[in-house]
Amino acid sequence: MALLEAHALTAGYGPIVALRDLDLTVEPGEIVALLGANGAGKTTTLMALAGMNRQATGRVTFKGEEVLGHAPEALVSRGLCLVPEGRRIFGRLSVAENLLMGAAGGGRKGPEVAADRDRLLARFPVLERRYEALASELSGGEQQQLAIARGLMARPTLLLLDEPSLGLAPKLIAAMFELIAELRRDDGMTILVVEQNVHQALDVCDRGYVLRSGRCEMQGTPAELRRRGLERAYLGIPDEMPPSSDGREVAKA
Ligand code: ATP
């Protein structure tokens, strides 16, 4: 049985249908990438899978149990945790406080929470160094690490990561992808990650789904997606666009 299974998932905002009829599965231990241009519906998908799009219809199961219609907090305690785009950390709280917030609702006792925190601080040394600092004082890369560490404090089985490399310098982007691979390898984490860095995402994932205008345009292993011209879909180059004079295609500005 898949860990996460969506069938005919449709979601949106008022009259806007941002996602239509998505079928998606994530098997235990997989890294699955959700790819596509801006506005393709990737964030909407993650929100719907995490029980955060009230209009979502279709069927989504996590560990065999229904997701839609359940409160996001209930899903977190079942092991499904979303780390949202834009590092929605609490800027006016310290690193320490942000981490503790991640454990809220887990029903764990103080010593257990402290042990989890210590394990995470060992994994993210920068957070240990900045432990007392306000989250708003951290650099972009540090904030992103805090957002993920806060998500891990909930002890998820499945981590939904929304553009974890957004706004990071190239060196930090590489480190973020290493972290994703490490979380699976060392912690047995299952990960569904939304990414704009298609090449790096394909290097780290087992399978990918490509959305375009709210629909799944293609899916498959990285090799299959590369073979089927993923870049074309990702860059949103219309099929009828003529090649430039040197034979290469030109992306629209
Ligand atoms: P990005 O990489 O820019 O975040 P995305 O693939 O994650 O893009 P979504 O954020 O899911 O795309 O947006 C899909 C569509 O839904 C877009 O047309 C967007 O304008 C619209 N949309 C997203 N959030 C809202 C909202 N809160 N209210 C109304 N429309 C929204």
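Reader: In β10, which residue is the bridge partner of L211?

Author: The general idea is that two strands pair if DSSP finds at least two bridges between them. Strands (E, at least two residues) and helices (H or I, at least four residues) are DSSP runs, numbered from the N terminus. Here β9 and β10 are paired in the antiparallel sense over five bridges, and L211 has C216 in β10 as its bridge partner. This is a predicted model, in which local features need pLDDT of at least 70 and side-chain atom pairs count only at pLDDT 80 or more, while totals for chains, interfaces and linings use all residues. Residues are numbered from 1 along each chain as its sequence is written, and side-chain values use heavy atoms, with hydrogens and water left out.

Reader: In the hairpin of β9 and β10, which residue takes a positive phi?

Author: Two residues lie between the strands of this hairpin, and S213 takes a positive phi near 45°.

Reader: In what order do the six strands of the open sheet stand?

Author: The order is β6-β7-β8-β3-β9-β10, with mixed pairing. At the edges stand β6 (80-83) and β10 (215-220); each has a single partner strand, so one side of each is left without a neighbour in the sheet. From one strand to the next, the twist averages 15°; angles run from 0 to 180 degrees between N-to-C directions, and axes are lines fitted to C-alpha atoms, for helices over the stretch in contact. Within this sheet, β3 (residues 31-35) and β8 (residues 190-194) pair in the parallel sense over four bridges. V32 stands opposite L192 in β8.

Reader: Which strands of this sheet does α1 touch?

Author: Contact means heavy atoms within 4.5 Å. Helix α1 packs on the sheet and touches β3, β6, β7 (158-162), β8 and β9 (207-212), with a direction at about 150° to that of β7. Another helix, α6, lies across β6 and β7 and runs at about 165° to β6.

Reader: What is the order of the strands in the open sheet of four?

Author: The order is β2-β1-β4-β5, and the pairing is antiparallel. The edge strands are β2 (16-26) and β5 (65-66), each with a single partner strand, so one side of each is left without a neighbour in the sheet. Strand β1 (residues 4-13) is joined to β2 by seven bridges, and A11 has L19 as its bridge partner in β2. Helix α1 (residues 42-49) lies across β1, β2 and β4 (57-62), at about 115° to β1.

Reader: How is the packing of α3 against α6 to be read, and at what angle do the axes cross?

Author: Two packed helices are described by the angle and the distance between their axes. For α3 (residues 95-103) and α6 (residues 140-152), the axes come within 7 Å and cross at roughly 35°. The contact is made by V95, N98, L99 and G102 of α3 together with L146, A149 and R150 of α6.

Reader: Which residues come nearest to the ligand?

Author: A residue is near a molecule if one of its heavy atoms lies within 4 Å of it. There are 14 residues around the ligand, of which G39, G41, K42, T43 and T44 come nearest. A polar side-chain atom of T44 lies 2.5 Å from a ligand oxygen atom, and a polar side-chain atom of E163 lies 3.0 Å from an oxygen atom of the ligand.

Note on methods:
Polar contact = N/O pair within 3.5 Å; in protein donor to acceptor, adjacent residues only side chain to side chain.
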